[in-house]
Amino acid sequence: MMRKLRRGILCLLCLLCLTACGAPDPETAADGTAWSSSWVTVGNVLGIETPEDMTPRENSDALSVKGIYYATWSMGEAETIVNEDGDEAQLYDAQIYLLLAGYDDTEKAEEAAAEWLGMASEQYAVEATGKETYNGQDFTVIDCTYVSETNPYARGASAFGVYGNYAVSAELSCRERFDGNAPEILADFLEHCHYAA
């Protein structure tokens, strides 16, 4: 009986230790700003000060073991649609998808960001490409329209960059009826991104 009790206590202690293993938020950002608990923290690398017209939706670290983090923000009202797989989904006037992937070194992160840019260039009709800096971080930015007939979004803007050994991608997708300027909205979002010092 005592042996079972000790094993049970030992298991509980192990579980408590594991739940306390999450890394704390950084204290400051690379831009010198104190890290805020109100920011959406992605992978303890990015802290996003959500712009006024956006609503945080998802913040997933389900693939964190592989160093991949994913978060989304929306603009406008949701409309329920049935996707091509027959599943119901919420479609917003515009949505930002942020992807952060960690690698062993900067070179691998650069390769990943270049690969993502290449895939986007193949999937979308790119209207313009440029190099931009937002809150101290360099990105390659594309302005594009979507050519897929199954994509419920019509146009958007995407940014691809590298921070340390992390590849960063932010994509804004807009419905046809959305009258906002995609590159300007994405630029505002990226200006609100802070990076761990």
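Arg177 is exposed, with 52% relative accessible area; exposed here means over 50%, buried under 20%, and partly exposed in between, using a 1.4 Å probe and protein chains only. I start there because Arg177 is exposed and takes part in the salt-bridge network I want to show.

First, the ground rules. This is a predicted model, where local features need pLDDT of at least 70, side-chain atom pairs count only at pLDDT 80 or more, and totals for chains, interfaces and linings use all residues. Residues are numbered from 1 along each chain as its sequence is written, and side-chain values use heavy atoms, with hydrogens and water left out.

Now the salt bridges. The term covers a side-chain nitrogen of Lys or Arg within 4 Å of a carboxyl oxygen of Asp or Glu. The structure has four of them. Arg177 bridges to Asp93, with the closest N and O atoms 2.9 Å apart. That pair joins distant parts of the chain, 84 residues apart: Arg177 sits in the loop between S11 and H3, and Asp93 in the loop between strand S6 (88–91) and strand S7 (94–102). Helices (H or I, at least four residues) and strands (E, at least two) are DSSP runs, numbered from the N terminus. Asp93 is buried, at 17%.

Arg177 also meets Glu79 in a salt bridge, 3.7 Å from N to O. Glu79 is partly exposed, at 31% relative accessible area.

Which residue forms a salt bridge with Glu79 at 2.8 Å between the closest N and O atoms? Arg175 does. Those two are 96 residues apart, Arg175 being in the loop between strand S11 (166–174) and helix H3 (182–191), and Glu79 in strand S5 (residues 79–82). Arg175 is buried, at 13%. Put together, Glu79, Asp93, Arg175 and Arg177 are linked in a network of salt bridges.

Next, helix H2. It runs over residues 106–123, has 18 residues, and reaches 26 Å from its first C-alpha to its last, close to the 26 Å expected at 1.5 Å a residue. The expected span is 1.5 Å times one less than the number of residues. The buried residues of H2 are Ala109, Ala112, Ala113, Trp116 and Ala120. Seen down the axis, these buried residues fall within an arc of 95 degrees, so they line one face of the helix. The arc is taken from the directions from the helix axis to the C-beta atoms. As background, an α-helix has 3.6 residues a turn, so residues three or four places apart point the same way.

On the other side of H2, Glu107, Glu115 and Glu122 are exposed. What covers the buried residues of H2 includes S7, strand S8 (124–134), strand S9 (137–146), strand S10 (155–163) and S11, with contact meaning heavy atoms within 4.5 Å.

On to the aromatics. Rings of Phe, Tyr and Trp (its six-membered ring) pair if their centres lie within 6.5 Å; planes under 30 degrees apart are stacked, over 60 edge-to-face, and the rest tilted. The count is five aromatic pairs. One of them is Trp35 with Trp39, edge-to-face, at 5.2 Å centre to centre and 65 degrees between the planes. Both partners are buried: Trp35 at 11% and Trp39 at 8%.
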